[in-house]
Amino acid sequence: MLRLPFRSHLLRTCHYSSYVSKMRYLMRLKEDDEACQKALQSGTILLYHKLAPLLRRTEMGTYELPVLQVLDVSEILNKLGKDKQLLNNSVLTGCSDSHVAQFSLDVGSLEQAALEELCVGVFMDLRKAFFLLKNSDVSLVTRGQALLRWHQNHRYCSATGQLTERNQAGSQRVCNSSGITYYPQMAPVVIVLVSDGKRCLLARQSSFPQGMYSALAGFCDMGETVQETLQREVAEEVGLELESVRYSGSQHWPLPQSSLMIGCHGLVRPGSTQINLSGSELEHARWFTLQEIQEALQRKRPSRNSKGGPSAFWVPPSYAIANQLIQEWASQQLPL
Ligand SMILES: NC(=O)C1=CN([C@@H]2O[C@H](COP(=O)(O)OP(=O)(O)OC[C@H]3O[C@@H](n4cnc5c(N)ncnc54)[C@H](O)[C@@H]3O)[C@@H](O)[C@H]2O)C=CC1
Ligand SMILES: [Mg+2]
């Protein structure tokens, strides 16, 4: 049975008027190009270079996400001799409580080193940034990257081959020739932490970083329910049958394209725990004890042996929903 607990923070906060007014404001900016253009003049911007976000090293040696004022970016463009029209390529990704609009902009057409010097930062691969930024910043930066990538990959109408035109907020693209409106897309993906009641099952693909194990994941096929995808993926990948599933939470995942990860816990039939890998997707899968999982959760970064390889298995970083499912499972195994 798929149970959906109503415990999202959104449901708890949506009656606050500041939340409603923020959402209404953002809705207006998506619908009204002129209002959005005006909001851009006094907004803030996250910068990307070929989809790598700009990060700044703090005095403590950690990394943060520099949120630049649009006016500052305008000045930087000026110093580089570039037209500030480039700012119009920004996409709207949110707004502050005081209705300062937040945008993301890819400046990949400009020289990286010069930009890094002027911005006092470094453009870093998003996979690396996952390990360096706090989770709320990762969430911001993945949202911007996903929307920018969608625009970069959807410039043409698939019916006419003509260039499409975006609105100012970047929430849609229109083909003026066919009249088709395109909206940013995400693929639904299930991710399930399978348990036999005492142990949980983790697996790795050969493309994963060395030593990393994660929960089972898979794209929803056309026409499938979430429940059907969960059962099919577990059967396909490890040859097991799920007896029950429980929804836990969801997450937007930007890699390699935008996915909506639907995170669940699954229980297998007692006595039917024999793993049978099929196909080439998984390199290895096995059952892990609570103690092994607790030790892995303690490791902040993969530990290395003398040859540079991983000395012990490790799990995805705390931002990833796989990590959250594993943490949740571990906490539920502990005696009250
Ligand atoms: N946030 C997290 O904690 C985690 C996220 N993931 C993400 O979940 C996603 C799915 O996991 P996989 O095991 O790779 O999926 P999967 O088990 O469905 O296998 C991938 C294969 O499915 C096919 N496929 C069907 N629909 C597809 C679509 N819309 N896009 C791409 N391929 C499609 C392709 O042949 C592809 O090779 C991955 O993108 C991965 O990055 C995976 C584990 C943890
Ligand atoms: Mg899979």
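A: Start with Arg232, which is buried at a relative accessible area of 19%; buried means under 20% relative accessible area, exposed over 50%, and partly exposed in between (1.4 Å probe, protein chains only). The model is predicted: local features need pLDDT of at least 70, side-chain atom pairs count only at pLDDT 80 or more, and totals for chains, interfaces and linings use all residues. Residues are numbered from 1 along each chain as its sequence is written, chains are lettered from A and ligands numbered from 1 in the order in which they are written, and side-chain values use heavy atoms, with hydrogens and water left out.

Q: Which side chain does Arg232 meet in a salt bridge?

A: Side chains of opposite charge can pair when their charged atoms come close. The criterion is a side-chain nitrogen of Lys or Arg within 4 Å of a carboxyl oxygen of Asp or Glu. Here Arg232 pairs with Glu236, at 3.1 Å from N to O. Glu236 is partly exposed, with a relative accessible area of 40%.

Q: Where do Arg232 and Glu236 lie?

A: Helices (H or I, at least four residues) and strands (E, at least two) are DSSP runs, numbered from the N terminus. Both residues belong to helix α8 (residues 226–238), 4 residues apart, which is about one turn of the helix.

Q: Which parts of the chain does the salt bridge between Arg269 and Glu241 link?

A: The closest N and O atoms of Arg269 and Glu241 are 3.0 Å apart. This pair links distant parts of the chain: Arg269 is in the loop between β15 (259–268) and β16 (284–288), and Glu241 is in the loop between α8 and β14 (242–253), 28 residues away. Arg269 is partly exposed, its relative accessible area being 35%.

Q: Which residues do salt bridges with shared partners join into one network?

A: Asp221, Glu224, Arg232, Glu233 and Glu236 are joined in this way. A search of the whole structure finds 10 salt bridges.
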